[in-house]
Amino acid sequence: GTKKNAMKATSTRIIKDNHSTRRYGWAFTRICLLVVIVVFFYHTLDVLRMMTSSFDSKYCNNANDRVAVETLLSSGPVNSISSEKNDRLFREKWSEIKGRICPNGVPSHEKYGAILMKLARQELGLQNKDADFYPKRHKQFWTHWPQRGVAYVSNSTGSNSLPSSFLHSPIWKCANDDIRKNLVKHIPNAKEVSIYCSGRFECWPDVIGGMENIQHACIVAVVRDPISHFLSAYNEYEVRLNAKKTMKDRSKSDMLAHPLNFERFAFGEEKRFEQFIVDFLTAPNELFGENEIHHVYSMTGILEGLNRKYQKQLDGYLPSLHNLEKKYPAFLKETCPHVLPESAFESWKEDERYHHPSEADKAGFRAAANSVWKKRGPESRALCVLRAMDYACYDKLPVNDFCEDVYMSESFSNFTAL
């Protein structure tokens with residue numbers, strides 16, 4: 001019995017020793033792994049320092065360059081500080097640029113229109129000679145104001161006992177048809193009017209009781225991101241161009257003598273859109289089709305027209321097409337109080353929206369344009385330049401990061417400082 005007890009005690013001790021050995025072994029292994037990780041970490045830091053030093057000696061010629069490299073390789077608060085500084089610098093620079101190209105909310109196209117066109121051509125590496133087409137293109141690109149809007153006159157009177165009225169001023173490719181049709185449908189006595197007093201619609205000033213009442217009218221509009229506007233408008237232009245096959249104001253002799261290069265590429269090709277931008281900046285205006293090409297023009301035309309023709313500015317604008325069926329009625333009531341009838345609509349239904357045939361993008365025009373924009377190449381830089389005045393005049397529209405870089409560039413600053 002004593003012998004069995006001794007053997008049992010010895011066996012128990014061996015088992016405990018094995019457990020202890022296994023436990024200490026795992027602990028030792030963990031320590032070794034930790035040491036390896038630490039050594040690898042410090043080795044990686046050394047490699048990064050060597051790379052930084054090599055990059056610094058090869059590419060960095062001044063202190064500012066070195067700070068930029070160190071910021072790129074670092075993380076944490078430094079990046080945040082740098083980002084805040086860049087944001088502040090852009091806001092200061094952009095405020096200065098806005099004051100030049102759109103002072104007091106009025107586009108300065110006569111002074112800066114030609115400059116922006118030239119700079120856009122420069123971004124594409126094109127010769128900057130004044131083209132024969134330019135005076136007309138320059139004038140139309142920043143002054144085009146679609147003529148069919150919607151006006152409403154209230155039965156009540158506003159200040160100075162004059163009729164209260166509002167005008168929705170049209171901008172093509174900014175849900176113009178959608179808004180116009182629903183205003184006429186949901187607001188009794190709202191009617192389509194002609195801004196220029198031509199065509200089949202009543203003259204806007206006549207509808208509201210004469211020119212003397214214009215100063216008391218509430219004038220509103222809807223805009224969208226200027227780059228998105230151009231891409232959408234290009235798609236609309238292509239669909240209309242190819243639906244008509246030939247355009248009424250493009251004679252066969254013109255087409256043969258001056259073919260537009262972008263038409264030589266297949267539908268939906270990125271190269272087609274890239275060449276369209278080149279053609280737009282270099283080809284005579286008449287070759288594009290007088291009405292169709294207006295879709296890609298600046299959204300600032302209504303600002304120029306209101307100021308020149310009526311000495312007026314917008315009373316407000318909605319800077320987005322998102323959730324328009326609910327946001328537009330709320331915006332209208334807030335911007336033009338005491339004008340709309342009590343029964344004015346709160347929203348319109350999804351099935352009441354107007355859809356353009358171009359929305360389907362069956363030929364891939366919009367998809368190709370989007371792809372070119374995302375490349376952030378010369379064409380994208382040229383678009384930023386062309387739409388600088390839109391961003392400046394409609395300052396509720398946020399400038400995207402890429403266009404920020406373009407506007408902060410030395411070439412843009414030098415041009416707009418002229």
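Me: In which helix does valine 207 lie?
Reply: In this predicted model, valine 207 is part of helix α7 (residues 204-207).

Me: Why is valine 207 called buried?
Reply: Its relative accessibility is 17%, and buried means under 20%, so valine 207 counts as buried.

Me: What is valine 207 in contact with, leaving aside its neighbours within four places in sequence?
Reply: Ala151, Val153, Lys191, Val193 and Glu202. Contact here requires heavy atoms within 4.5 Å. Alanine 151 is 56 residues away along the chain from valine 207, and the C-alpha atoms of the two are separated by 7.6 Å.

Me: How many aromatic pairs does a search of the whole structure find?
Reply: The search gives 25 aromatic pairs. One of them joins tryptophan 145 and tyrosine 310.

Me: What makes the pair of tryptophan 145 and tyrosine 310 edge-to-face?
Reply: The centres are 6.4 Å apart, and the limit for a pair is 6.5 Å. The planes stand at 85°, and an angle over 60 degrees counts as edge-to-face, so the name applies.

Me: Why is this pair said to tie together parts of the chain?
Reply: Tryptophan 145 is in the loop between α5 (134-143) and β1 (148-157), while tyrosine 310 is in helix α11 (residues 301-310), so the parts joined are 165 residues apart in sequence. Tryptophan 145 is buried, at a relative accessible area of 2%, and tyrosine 310 is buried with 2%.

Me: Why is the pair of phenylalanine 230 and phenylalanine 276 called tilted?
Reply: The planes of these rings are at 55°. Stacked needs an angle under 30 degrees and edge-to-face one over 60, so this pair is tilted. Phenylalanine 230 belongs to helix α8 (residues 226-244) and phenylalanine 276 to helix α10 (residues 270-282), 46 residues apart.

Me: How do you know that phenylalanine 276 is buried?
Reply: Its relative accessibility is 0%, and the cut-off for buried is under 20%, so phenylalanine 276 qualifies.

Me: What makes lysine 396 count as lying over the face of tyrosine 317?
Reply: Lysine 396 is at 5.0 Å from the ring centre of tyrosine 317. The distance has to be within 6 Å, and the direction within 35 degrees of the ring normal, so lysine 396 is counted as lying over that face.

Me: How do the residues of the lining of the largest pocket divide?
Reply: Nine are nonpolar, 13 polar and 15 charged.

Technical notes: Residues numbered from 1 in each chain as written. Predicted model: local features only at pLDDT ≥ 70, side-chain atom pairs only at ≥ 80, totals over all residues. Heavy atoms only, no water. Phe/Tyr/Trp six-rings, centres within 6.5 Å; stacked < 30°, edge-to-face > 60°. Helix = DSSP H or I, 4+ residues; strand = E, 2+ residues; numbered from the N terminus. Buried < 20%, exposed > 50% of the residue type's maximum accessible area, 1.4 Å probe, protein only. Nonpolar A, V, L, I, M, F, W, Y, C, P; charged D, E, K, R; others polar.
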